[in-house]
Amino acid sequence: MWIKASGKELADALTSEIFVAVDRKAAIGEAHGAGDGTCKATILDPEVQLRPSIETTFHAVLEWRVVAHSHSVAVLSHVISPQGRVAAGALLEDLNPVFVPYAKPGLPLTGAITERITPRTQLILLENHGLIVCGRTTHEVDTLMQAVETRLRRNPVEVTDVMPNADPMPGFEWAGEQNWLAQDEHALARVTSGSFYPDHVVFLGPGLPMEDNDDGPPVVLSPGVGVQIRVDATEAQKAMLRCLSDVLRRVPADWTLESIGPEAEAELLNWDAEKYRQWLAAKG
Ligand SMILES: [Zn+2]
C-alpha cells in the first residue's frame with residue numbers, strides 16, 4: 001500500500017517523493033494491536049528514510065483499493081459545528097456518509113472509524129478533522145470527493161482587511177488578510193475558545209494565545225488590533241493560519257463551534273500531565 005509520508009505535502013506529489021510503500025497486511029495487524037501503531041515497521045524497503053503517515057492504519061483497514069483523506073476547508077467548515085454536521089448530513093444524504101466523532105489521529109481514530117463503518121461505506125466525515133473517500137478507482141474517488149466538495153462549498157463572508165497602526169512585537173509581523181480574526185469581536189471569541197482540528201494544534205499550538213510565551217507560539221492575537229505571526233514562521237504554519245481564516249469565513253454566525261478541548265490538545269502535543277496542568281493554570 002502506498003501511503004503519504006509524514007511531514008510531506010500532497011501538493012508536492014508530482015515533484016518529489018512523498019509516498020512510502022508499506023506492507024498492508026502488517027499495517028492491518030498494527031491497527032489491531034500488533035506493533036506500536038506507527039507502521040514504521042511495515043515499510044517494505046528498509047533503505048527508505050520516510051516515515052508513513054500517523055493515519056496509515058485507517059488507510060489499511062478500509063477495504064477499498066483507493067482511500068483518499070483530506071482536511072478541506074469546505075468539510076472543516078461543517079464538521080467543527082453541530083449545526084454544520086446536520087447540514088452536511090442533509091446535503092450528502094444520498095451518499096450515505098458515516099460521521100465519526102473526534103479521536104486522536106492514529107490508533108484511537110482508526111478504532112473509532114472501524115466501529116462505525118460497514119463494508120459498503122465509501123464516505124466518512126471525521127468530526128473536527130476532515131474527510132475520507134473510498135472507492136475502486138482513483139476516478140471513482142475523485143468524482144465522489146468533488147461531489148462532496150461541491151455540495152459543501154460555501155461562499156466566504158466579506159471581511160475588512162485593516163492593517164493595524166501599532167507596531168508588531170519584535171520578531172513578529174502583522175498577518176495581513178487574517179487580521180480580521182482579532183479585529184472582529186465574534187471571530188475573536190471563536191478563535192480564543194479553543195482548537196477545532198488536529199493540524200491547528202500540531203502547527204500553531206493549542207488555540208491562539210493573546211501574548212507571547214515560553215512555548216514560542218508562531219501566532220499571537222492582539223485583541224481588537226490584529227494577528228501577529230513570527231517572521232520565521234514555516235510555510236505550514238502560515239497555511240494553517242490561512243486555513244483558520246478560510247474556515248471561519250464559511251461558518252455561519254448562528255452555528256456554534258465545538259473545539260476538541262484541552263485534553264485532546266495536550267494529547268496531540270504529547271504533553272505529560274504536569275505540562276498540561278501548568279498550561280491549564282496559566283490559561284486561568
Ligand atoms: Zn487527517
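**View 1. Strand β5 is covered on both of its faces.** L123 and L125 on one side of β5, and I124 and L126 on the other, are all buried (buried means under 20% relative accessible area, exposed over 50%, partly exposed in between, with a 1.4 Å probe and protein chains only). In a regular strand the side chains alternate between the two faces of the sheet. Strands here are DSSP E runs of at least two residues and helices are H or I runs of at least four, numbered from the N terminus. A word on the model before moving on: it is predicted, with local features needing pLDDT of at least 70 and side-chain atom pairs counting only at pLDDT 80 or more, while totals for chains, interfaces and linings use all residues. Residues are numbered from 1 along each chain as its sequence is written, and side-chain values use heavy atoms, leaving out hydrogens and water.

View 2. Strand β4 (residues 98-100) runs parallel to β5, joined by three bridges, and V100 stands opposite L126. Between β4 and β5 the chain passes through helix α5 (residues 107-116) in a right-handed β-α-β crossover; right-handed means that, with the strands pointing away from the viewer, the path from the first strand over the helix to the second runs clockwise. β5 and β6 run antiparallel with four bridges, and L123 has V133 as its bridge partner in β6. Two strands count as paired if DSSP finds at least two bridges between them.

View 3. E55, in the loop between α1 (24-31) and α2 (56-61), and H129, in the loop between β5 (123-126) and β6 (130-135), are 74 residues apart. Both E55 and H129 are buried.

**View 4. P97 sits in the loop between α4 (82-91) and β4.** P97 is buried, with a relative accessible area of 18%. Leaving aside neighbours within four places in sequence, P97 is in contact with L92, L123 and L125 (contact means heavy atoms within 4.5 Å).

View 5. The assignment gives domain 1 (2-152) and domain 2 (172-283), with bounds from an automatic or database domain assignment. The largest core has 41 residues, and those with the most contacts inside it include L131, V227 and L244. Helix α10 (residues 235-248) supplies the largest share of this core, six residues, and each domain gives at least three. A nonpolar core is a set of buried Ala, Val, Leu, Ile, Met, Phe, Trp, Tyr and Cys residues joined through side-chain atoms within 4.5 Å. Across the domains, 18 residues of domain 1 are in contact with 21 residues of domain 2.
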